[in-house]
Amino acid sequence: MRSIWNGAISFGLVSIPIKLVNATESRSVSFRQIHTEDGGRVRYKKVCELDGEEVPQAEIGKAYEDADGTMIPITEEDLASLPLPTAKTIEIVAFVPAGDIDPLQMDAAYYLSANGVPAAKPYTLLREALKRSEKVAVAKYALRGRERLGMLRVVDDVIAMHGLLWPDEIRAPEGVAPENPVSVRDAELDLADALMATLGEVDMSTLHDDYRTAVEEMIAAKAEGGEGVAPPATGEESGGGQVIDLMAALENSVRAAKQARGEEDGEGEGKGEGKGRAAVTPLKPRASRAPKATDAKKSTSKAAAKKTAAPARKSTSKAAAKKATTKSTATTKTTAAKKATATKKTTAKKATPRKRTA
């Protein structure tokens with residue numbers, strides 16, 4: 001790896017020649033700006049405001065802009081003449097527990113490499129001292145024209161340095177926390193603990209940038225003359241900003257985490273102790289009140305009344321059927337009698353001879 005800075009670590013009266021190497025690199029996909037009408041590249045040009053001419057990099061210097069807009073030129077010789085003891089030295093000022101460093105101060109990371117064979121012994125001495133003390137070193141160093149704060153720690157067999165922001169560069173979190181007081185129930189905390197335990201730990205080396213992969217696939221598809229990558233099927237939109245049932249969301253999250261781990265809902269309860277998994281105990285429903293004695297009496301009387309009413313209905317229906325049958329029989333007899341009388345009258349009328357008129 002190419003070094004970006006050469007200097008030495010000042011460890012008391014011990015000087016350790018080192019080279020500074022970037023410990024991180026950006027994997028983000030970079031884009032260029034183009035003219036959408038014709039696809040031409042759009043470039044930035046450094047132009048002088050006074051004459052409108054483009055200025056080459058060799059003719060560009062530094063200046064400080066005063067409050068009234070006046071430019072005060074600053075040369076590299078001016079900066080080099082400043083009394084900066086850390087110009088070429090990483091000066092260790094203290095050794096503190098790692099927990100004393102606020103993660104908010106963390107900035108860029110570097111590897112410190114021993115520069116030459118003579119540096120190997122003091123380099124190893126500092127590395128082993130850091131290991132045994134279980135502390136980190138706080139140091140000052142200068143890089144890119146300014147003095148910075150750093151933290152030295154051991155990573156495998158290498159001393160790494162994290163650039164730190166100065167304490168006055170960390171903003172206070174004023175007005176960030178929720179303004180209205182909110183109370184959290186123990187049951188909600190229990191479910192949150194269960195969710196944390198169910199999700200468990202992760203091997204950081206297995207995490208990767210899914211968005212970058214999707215961008216690279218889309219670019220490859222377009223380069224082959226395609227239309228890009230079809231958008232993935234999305235489920236229900238997240239309820240951002242909406243009021244949700246927190247308990248239900250936590251319970252569903254625990255259930256989903258278990259299923260993702262190949263566990264059935266409720267499986268392993270009581271068996272996860274000592275395995276980094278939490279057993280989720282469902283909340284007990286509120287106990288229902290026992291029915292009052294009066295209610296029981298009412299229910300008994302109603303049942304008895306219902307039981308008594310059933311035969312009564314049957315008796316009534318039988319009586320109605322018998323009455324209908326009797327009525328039908330009587331009607332039939334009356335009709336038959338009327339027909340018989342009418343038949344007799346007709347027969348008698350036919351039997352009487354008509355008198356002839358002389």
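**Starting from strand β7**

Mentor: Strand β7 (residues 135-143) is largely enclosed by the rest of the structure, because 7 of its 9 residues are buried. Buried means under 20% relative accessible area, with exposed over 50% and partly exposed in between (1.4 Å probe, protein chains only). Strands (E, at least two residues) and helices (H or I, at least four) are DSSP runs, numbered from the N terminus.

Trainee: Before we go on, what kind of model is this?

Mentor: It's a predicted model: local features need pLDDT of at least 70, side-chain atom pairs count only at pLDDT 80 or more, and totals for chains, interfaces and linings use all residues. Residues are numbered from 1 along each chain as its sequence is written, and side-chain values use heavy atoms, with hydrogens and water left out.

Trainee: OK, back to β7. How many bridges join strand β5 to it?

Mentor: Strand β5 (residues 89-97) is joined to β7 by 6 bridges, and the two run antiparallel. Strands count as paired if DSSP finds at least two bridges between them. Isoleucine 92 is the residue opposite alanine 139 in β7.

Trainee: And which residue does alanine 139 face in β8?

Mentor: Glycine 150 in β8 stands opposite alanine 139. β7 pairs with strand β8 (residues 146-155) over 7 bridges, in the antiparallel sense. Tyrosine 141 has arginine 148 of β8 as its bridge partner.

Trainee: What about the turn from β7 to β8?

Mentor: That hairpin has 2 residues between the strands, and arginine 144 takes a positive phi near 55° there.

Trainee: Switching topic: how much space is in the largest pocket?

Mentor: About 340 Å³. Of its 15 lining residues, the closest to the centre are Leu79, Leu84, Ala87, Gly145 and Arg146. On a 1 Å grid over the protein atoms alone, a pocket is an open set of points where a 1.4 Å probe fits, with protein on both sides within 12 Å along at least five of seven lines; lining residues have an atom within 4 Å of a point. The volume is the space filled by probe spheres set on the points, which are joined across faces, edges and corners.

Trainee: Which element gives the largest share of that lining?

Mentor: α1, with 3 residues. α1 (76-80), β7 and β8 each supply at least two.
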